[in-house]
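Hello,

I am passing on the structure below. My notes on its salt bridges and one of its pockets follow.

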Amino acid sequence: MLNIQLDPETEARLVEILAKEKTTSDELIKRLVQERWLSLQPRKTIVERRGGHPEHLLEDAPPDLSERANRKKAIAHYLQKKYPQYDLP
């Protein structure tokens, strides 16, 4: 059980928030604590949010695939293999 003393101005704001959000002070405090706690957590990278690096994607990749020209060739080769019915320029 949490027991706090609020100054009159803060108490008036709390009453207004509770009325507008139609919630109890317990629920409001829980939500505020949760939001604050989440804001203090380190942000996940986009890779982490998407579930990590695909394991199988780069297994057989040549070491020079980081260069754009090599990536373009590799993608073109993959697409030609996968879709032989289309003639790529």
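**Salt bridges and a pocket**

Helix H1 (residues 8-21) holds both Arg13 and Glu9, which sit four residues apart, about one turn of the helix. Please keep in mind that this is a predicted model. The side chains of Arg13 and Glu9 form a salt bridge, at 2.5 Å from N to O. Glu9 has 48% relative accessibility and counts as partly exposed, because that class lies between 20% and 50%.

The whole structure has five salt bridges. Two others involve Arg31. One pairs Arg31 with Glu21, with 2.1 Å between the closest N and O atoms. This pair links distant parts of the chain, since Arg31 lies in helix H2 and Glu21 in helix H1, ten residues apart. The other pairs Arg31 with Glu35, where the closest N and O atoms are 3.8 Å apart. Arg31 and Glu35 are four residues apart in helix H2, so about one helical turn separates them. Through shared partners, the salt bridges join Glu21, Arg31 and Glu35 into one network. Each member is partly exposed: Arg31 has a relative accessible area of 33%, Glu21 is at 40%, and Glu35 is at 44%.

The second largest pocket has a volume of about 250 Å³. Its lining consists of Met1, Leu2, Asn3, Ile4, Leu6, Leu14, Ser25, Asp26 and Ile29. By type, the lining residues are six nonpolar, two polar and one charged. Helix H2 (residues 25-40) gives the most to this lining, with three residues.

Regards

Conventions:
Residues are numbered from 1 along each chain as its sequence is written. This is a predicted model: local features need pLDDT of at least 70, side-chain atom pairs count only at pLDDT 80 or more; totals for chains, interfaces and linings use all residues. Side-chain values use heavy atoms; hydrogens and water are left out. On a 1 Å grid over the protein atoms alone, a cavity is a set of points where a 1.4 Å probe fits but cannot get out, and a pocket is an open set with protein on both sides within 12 Å along at least five of seven lines; lining residues have an atom within 4 Å of a point. Grid points are joined across faces, edges and corners, and a volume is the space filled by probe spheres set on the points. Helices (H or I, at least four residues) and strands (E, at least two) are DSSP runs, numbered from the N terminus. Ala, Val, Leu, Ile, Met, Phe, Trp, Tyr, Cys and Pro count as nonpolar, Asp, Glu, Lys and Arg as charged, and the others, Gly among them, as polar. A salt bridge is a side-chain nitrogen of Lys or Arg within 4 Å of a carboxyl oxygen of Asp or Glu. Buried means under 20% relative accessible area, exposed over 50%, partly exposed in between (1.4 Å probe, protein chains only).
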